Amino acid sequence: MRTDLAVIGAGPAGLAAALAASARGVRVTLVDAATRPGGQFYRQPAEALAASRPEALHHGWRTWERLRDGLAVSAVRVLTEHHVWCVERTPDGFTVNALLGPEQEEPVQLHARAVLLATGGYERVLPFPGWTLPGVVTAGGAQAMLKGGLVVPGRRALVAGTGPLLLPVATGLAAAGVEVAALVESTGPRRLARHAPALAGKLPEGAGHAAGLLRHRIPVLTRHTVVRAHGDDRLTGVTVAALGTDGHVRPGTERHLPCDTLAAGHGMLPHTDLAESLGCRLDGLAVAVDTEQRTDVPGVWAAGEATGIGGAALSLAEGHIAGCSAAAHLHGTAPGPAPAALKARTALQRSAAALDSAYVLPAHWPEQITDDTVVCRCEEVTAGAVREALDLGAGDERTVKLFTRAGMGWCQGRMCGTAIAGLAGCAPTPAKRPFARPVPLGVLARHHPKEGPS
Amino acid sequence: MNESLTCDVVVVGAGVVGAATALYAARAGLDTVVVDRGPVAGGTTGAGEGNLLVSDKEPGPELELALLSARLWAALAREGLGEAVEYETKGGVVVAGTDRALAGLEKLAAEQRAAGVEAVPVPPDRLPDLEPYLAPGLAGGMHYPQDAQVMPALAAAHLLRASKARVLTGREVTGILRGPGGAVRGVRTGRGDLHAPAVVNAAGTWGGEVAARAGVSLPVLPRRGFVLVTEPLPPRIRHKVYAADYVADVASDSAALQTSPVVEGTPAGPVLIGASRERVGFDRSLSLPAVRALAAGATGLFPFLAGVRAMRTYAGFRPYLPDHLPAIGPDPRAPGLFHACGHEGAGIGLATGTGQLIAQVLTGRTPDLDLGPFRPDRFTEEAA
């Protein structure tokens, strides 16, 4: 298969990018692992569920309708259920290597002159005692259950952690009939107030959620954190406690809240695997881009959460700008993004930065992780084993992994990377995952002249 | 925090060679400090497969060092370190696809036997007894019972712990202290000086940089290798299995990409697939051609692997010296400086012997092996 521009990821950034480039006459192929476009943000209920009012669970439904209808009348070729495991540079462009279908066994190669990475983000997960109990889900997971499966995860839920995602999750659960015992936010109210002016870009959305909290009478506990989740076979309750100004739990403030569901969220991390194996420079944990959303690898653009967590509206603006730039470079003309997109990007980047500095993890969160808490679920490595590895001379995520196998399993450290860096006392570093997903050796071998033993 | 320490010997490098050197130096009664700019096993040790191989070595000084090292690894395992470092005497199986390759393998094995290696010929119909999942139609093979394996990072960590040496990680050696007459008196680090009459350069691929800080040249170059790691599997591959052309690749001087499959299972379940070799500097970026060649080679040996998923791949940099032999012993150009680096792809296996030899020369004993072939200044003479 050949195309001019391969857009990887059909969330807000990828959709906006594909439509912008296609409207400018570029042959665009939009590649996504899911069965339908939309990404995590515009996650759609499974067709079989025949949802009558999916918009009830969504913000910006009108934007989604515009994107969906635009895609339908566009010339964009959409490849769903294509799981991209690596993008490689070739002499005349790029080869997108994907695995097809739910079993991810059939290899597909897409050759493109340019690539636009809209690979999105994934949830940052912090372990705490009891976090592996059934009934404990991530905040994004709870939202995905609501949007995609139209199911509620339980009857009485606690929403906890930090970040702007907790509000829509709490109100979404309440609207779906779940009793929300409390919203537990580790950031203090004064810190949030201090950043309020800069958060103005998010105000309409935020105000809506705040009204929702009131309407559903959801108690909000700021500067509180989850200490432990309780239960034998499944979650029965959660102990929360207040945090002192020093970031430590204040002794004596623990209280027990019975619930059958805990939705824990601690922000998002960018998906940078494909960018990294292409050799794109990263800025911290995100793909570094210029004002046109170009990476430092010629022919590779990036937009959306992969270039820094900022939400769907920012992703749309970045995707549009990236798509326009890619089209211009493929045609040899000057890029002409909509001025509104440029303006929106500036404003939204400012509020994303403000959110980022407003919502920070509690300073001493790793000390809450007891030695018997499993931090790496794939390889069943406890915090105690990680601490033992540090004692043996491991000093960073990589050497902890070598000593304990933490991060070597199916998720390749996507779940446990933050926890291990935290326990090791070092800043999280971008993990090196040359394969964005596991790939059969037979597929790898196929594109190589057969080599047996001689 | 600045501190000044005095000890008998400073070992630069907390990889497996530095760890083994610290262990034998400490056992010889020397007060030992190990210093590394990174964590324990942060360099090539952490990227190694943990091969303790005699099978891939032609008769000569490296094979003698490998045999000495194999005996020392076995002794350490008997002392109780075996489990902690995942020591496994699994043996190696070298297979030949053609009669010509088999003839070469048999000739090598005969020479190795004369040097003390156990090498048992395996006719094609007996190969499935050793490795039931091997591809059919091979010409034959050779079983090397002395080949063994450790988990390299854990080996470095536990040898260091057993040495009871002081280990200073996250401290870069920025200079080598020299006294009047040029004698080495210790090292300078970012956080204070470490005073000692002897300094051992066990910095692996970065050994050339450490040598340069003492004003001497040691031409250690990186030779990149990729390893493919599969999803965890039930035990199906029992030995270290590789194709006969591996030995030729190891000994080659070419800078271009070479791959010959080396396949083995691990106690944790994943199968490790090596070994590519190319000289491309310290370039860590993914080379799909290299890992594709590894996959093709491995599925050629074990067809069932075609349906097994590779979870990840990573690169390491073997410390390569022009004649493929490590530098071991005192450096006459800088009295008090000793080298223990440049082991290319065999450093895990050769670590124990290297550490023992260095400890012997540090304490004025006669080393178990003639250090002549490993002389660190041998390349200077060639240039002159």
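In which sense do β1(B) and strand β12 of chain B pair, and over how many bridges? They pair in the parallel sense, over two bridges. Keep in mind that this is a predicted model.

**View 1. A look at the open sheet of chain B, which has four strands.** Read across, the strands come in the order β1-β12-β11-β10, and the pairing is mixed. The edges belong to β1 (5–6) and β10 (173–178) of chain B, each of which pairs on one side only. Strands of a sheet pair through backbone hydrogen bonds, either parallel or antiparallel.

**View 2. Zooming in on where β1(B) meets β12(B).** Strand β12 covers residues 192–195 of chain B. Look for L5(B) here: its bridge partner in β12(B) is L194(B).

**View 3. Helix α1 of chain B, residues 16–27.** With twelve residues, α1(B) reaches 16 Å from its first C-alpha to its last, close to the 16 Å expected at 1.5 Å a residue. Ten of those twelve residues are buried, so the helix is largely enclosed by the rest of the structure. Among the buried ones are V16(B), V17(B), L23(B) and Y24(B). Just past the helix, G29(B) takes a positive phi of about 95°.

View 4. G18(B) is buried, and its relative accessible area is 0%. Leaving aside residues up to four places away in sequence, G18(B) touches V11(B), G13(B) and A202(B). Find L160(B) too: it sits 142 residues from G18(B) along the chain, yet their C-alpha atoms are separated by 8.4 Å.

Notes: Residues are numbered from 1 along each chain as its sequence is written. Chains are lettered from A and ligands numbered from 1 in the order in which they are written. This is a predicted model: local features need pLDDT of at least 70, side-chain atom pairs count only at pLDDT 80 or more; totals for chains, interfaces and linings use all residues. Side-chain values use heavy atoms; hydrogens and water are left out. Buried means under 20% relative accessible area, exposed over 50%, partly exposed in between (1.4 Å probe, protein chains only). Contact means heavy atoms within 4.5 Å. Two strands pair if DSSP finds at least two bridges between them. The expected span of a helix is 1.5 Å times one less than its number of residues.
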